[in-house]
Amino acid sequence: MQPKISVVIPLYNKQDEIERCLRSALAQTFADFEVLVVDDGSTDASAAKASSFTDPRVRLIRQANGGVARARNRAIEEAEAELIAFLDADDEWLPEYLENLMRLAEAAPQAGVYFAAYWIDRGNGMRRRVRLAQRFVQANGLVKDYFAAPDGAMTLPTAAAVRREAVLAAGGFRQMFGEDVDLFLRLAAMYPVAYSSRAAAVWHVDAGNRRCVNQKATVKLYEPGGLQASLDFLTACPVVSRDALQRARRFVAERERRAIVATLLQGQREHARLLLERWERDSGRRDERLEALITHAPTPMLRLWGRWRNISARAATAMAYAREWAVCRRTFRATPLRQALSN
């Protein structure tokens, strides 16, 4: 019998986290699903640990190493369900995650992609919830404008699901840094987007072998032009409205401009200059203020600005954790832990 949901887990050298991930998937209150684990050429015990699970809903697919995009695309091709939920091998779900997803999919069947609030776990006993403000979401769960929402609120694969037909029409994942942002950009321009404010996905940023940790999160990884292929795809797509295309272009331009500023504040002045030239050519815009900063701003001033930004970001994160702790402390006193975490 065809399952209602296909859970896609790309796996590469996550021997310390894959068991936690699979246990969380199999503990769901909604049970009509399959789990496709794609071992992308792991060189540790990851595949062996995944294969030790005897639940018939779990299927292990092995392939030579080709990257997370290729692994997810392989699972999408073999998925039996129309609704596909993504779960990274170093993350986990709370038991009600898929139940919440099905409720959202039934309320907004016209959507092509679904997102949910999630928890950031840094491994120190503290979790911070990332939740999209209700002003961005309609009463039926549809997002008013994906491209106007705060950055990061709807880009985490572990808290995202897609219609299989929609992701195939959008061309699937492309192998690049930020492949999730890239795909969701196309889907949001082509289909309605739905959102649930119930947080039941957990992003473990302390997990080992994370790509952003291994590559030191260098800003060079966010070079402008990476999303241009998707903008070209949307330009030629007949179902994308002119308004959606313009909003997508503004979204990409602003995102990439921030990356250029980050590059400059990392002390990579010449690289920032090259990126700005590429950005101005692709976007058809000119930023004289940023040109002046790159050309004339003294290095000590840029260092001071960069440090101030880092301090401000850390302070904002600390305040967010403090607020979440205060809310959860009051909630945990009145309700069971599992129910409190999913509220």
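Me: In which sense do strands β6 and β8 run, and how many bridges join β6 to β8?

Reply: This is a predicted model, and the pairing is read from it. Strand β6 covers residues 113–121, and strand β8 covers residues 160–163. One of the pairs sets Tyr114 against Ala161 in β8. The two strands run antiparallel, and the number of bridges joining them is 3.

Me: Which residue in β9 is the bridge partner of Trp119, and how do β6 and β9 run?

Reply: Strand β9 spans residues 193–204 and is joined to β6 by 8 bridges. These two strands run parallel. In β9, the partner of Trp119 is Val202.

Me: Which residue stands opposite Trp119 in β7?

Reply: Strand β7 comprises residues 127–130. It pairs with β6 over 4 bridges in the antiparallel sense. Opposite Trp119, the residue in β7 is Arg129.

Me: How many of the residues of β6 are buried?

Reply: A residue counts as buried when its relative accessible area is under 20%. By that criterion strand β6 is mostly covered. The count of buried residues is 9 of 9.

Me: Is Asn13 buried or exposed?

Reply: Asn13 is located in the loop between β1 (5–11) and α1 (18–26). Its relative accessible area is 17%, and the limit for burial is under 20%. Asn13 is therefore classed as buried.

Me: Which residue has its backbone nitrogen 2.6 Å from a polar atom of the Asn13 side chain?

Reply: A polar contact requires N or O atoms within 3.5 Å. Here a polar atom of the Asn13 side chain lies 2.6 Å from a backbone nitrogen. That nitrogen belongs to Thr43.

Me: How do the residues of the contact of α8 with α9 divide into nonpolar, polar and charged?

Reply: From α8, the contact involves Gln228, Leu231, Leu234 and Thr235. These meet Leu245, Ala248, Arg249 and Val252 in α9. The division is 5 nonpolar, 2 polar and 1 charged.

Me: What percentage of the residues in the chain is buried?

Reply: The secondary structure of the chain comes to 13 helices and 9 strands. The chain has 343 residues. The buried share of these residues is 52%.

Note on methods. Residues are numbered from 1 along each chain as its sequence is written. This is a predicted model: local features need pLDDT of at least 70, side-chain atom pairs count only at pLDDT 80 or more; totals for chains, interfaces and linings use all residues. Side-chain values use heavy atoms; hydrogens and water are left out. Contact means heavy atoms within 4.5 Å. Ala, Val, Leu, Ile, Met, Phe, Trp, Tyr, Cys and Pro count as nonpolar, Asp, Glu, Lys and Arg as charged, and the others, Gly among them, as polar. Buried means under 20% relative accessible area, exposed over 50%, partly exposed in between (1.4 Å probe, protein chains only). A polar contact is a pair of N or O atoms within 3.5 Å; within protein, one must be able to donate a hydrogen and the other to accept it, and residues adjacent in sequence count only if both atoms are side-chain atoms. Two strands pair if DSSP finds at least two bridges between them.
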